[in-house]
Amino acid sequence: EAQTIAINKGRRQAWVTLIHRLTPSQDWAKVPALDDVGIQRLIRTYGIANERRSTTRYVAEVTYVFNADAVRRFFRGANIAYTDVQARPILVLPMGQAYAPRSPWAAAWNDPKFAQAAVPIVTPSGDAAEGVTLSTLQFASAGWSDVEPTATRTHTAQAVLAQALPARDRITVKLRILGPNLSQALPDINVPIAAGAPPATAFGDAADAAADAISNAWKSRSAVDFSARAKLAVDVKISSIADWGEVQWKMSVIPTILDVT
């Protein structure tokens, strides 16, 4: 009985996790609610590891594998914008008044969970040469040329300057996204600090909020909005049945094509 309860609760938790991974946070409340049977229809299979049982308790690690086509149909039918591709890693540079590689703010970004997010986040390696390169970095004036050497070493195509400004009861985070021919400021984030909270907790909460903002910015650019539709007429030269089959197959794997007449 405990096993059945655990598998069912885990299934719902997995579905919520998937929603948060694929859709912008402003759309989470718009996702239609599903009962347990509805969620089960979206899951292809699941695997169980590290089971522990007693006469009253069941504990396990469960991996749920969703049916990709069924999930896509669900979001399309609900007109929910989503993205199901992994973003390229983004370099985050923790800053105070200047680049601060040994601060509690930088330590908060070293949490491994950020590297596994929908938008993977990496930080500088911290070697001496890199410290010299970034030591003169200024939040307001830095451009892509200032961070490109570090981005190249970390195999990233974009960087985010993340400046944390602590106050008595909150941390304000300012974000700038830099890339080739790109300089974009995101809205400031104000993260409340509970009285007596240790620095690791306060800066950890601020890093979580900043990572969500970075992820939402990427999803907003990459997500396909299925509530916006249009028709397009095209001419295709077809010389054989094989050509026609190849055209149909290529169109079928493009997620933004909903129907072909």
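Biologist: Why is asparagine 181 called exposed?

Modeller: Its relative accessibility is 86%. The labels are buried for under 20% relative accessible area, exposed for over 50% and partly exposed in between, with a 1.4 Å probe and protein chains only. Asparagine 181 therefore counts as exposed. One caution: this is a predicted model, where local features need pLDDT of at least 70, side-chain atom pairs count only at pLDDT 80 or more, and totals for chains, interfaces and linings use all residues. Residues are numbered from 1 along each chain as its sequence is written, and side-chain values use heavy atoms, leaving out hydrogens and water.

Biologist: Where is asparagine 181 found?

Modeller: Asparagine 181 is in the loop between strand 6 (170-179) and strand 7 (182-192). Helices (H or I, at least four residues) and strands (E, at least two) are DSSP runs, numbered from the N terminus. Asparagine 181 also has a positive phi of about 60°, although it is not a glycine.

Biologist: What makes histidine 155 count as exposed?

Modeller: Histidine 155 has 64% relative accessibility, so it counts as exposed. This residue lies in the loop between helix 6 (144-153) and strand 5 (159-166), and has a positive phi of about 60° without being a glycine.

Biologist: Which residues form the nonpolar patch on the surface?

Modeller: Ile238 does, along with Leu232, Val234, Val236 and Trp244, and together they have about 500 Å² of accessible area. Such areas come from the Shrake-Rupley method with a 1.4 Å probe; for residues, only the protein chains shown count as cover. Like charges are joined within 9 Å, and nonpolar side chains (Val, Leu, Ile, Met, Phe, Trp, Tyr) within 5 Å.

Biologist: How do you know whether glutamine 86 is buried or exposed?

Modeller: Its relative accessibility is 52%, so glutamine 86 counts as exposed. Glutamine 86 still touches Arg21, Ala117, Ala118, Pro120 and Trp218, not counting residues up to four places away in sequence; contact means heavy atoms within 4.5 Å.

Biologist: And how much of the protein chain is buried?

Modeller: Buried residues make up 35% of the 261 residues.

Terms used:
Patch = residues over 30% accessible without salt bridge, like charges linked within 9 Å, V, L, I, M, F, W, Y side chains within 5 Å. Salt bridge = Lys/Arg side-chain N within 4 Å of Asp/Glu carboxyl O.
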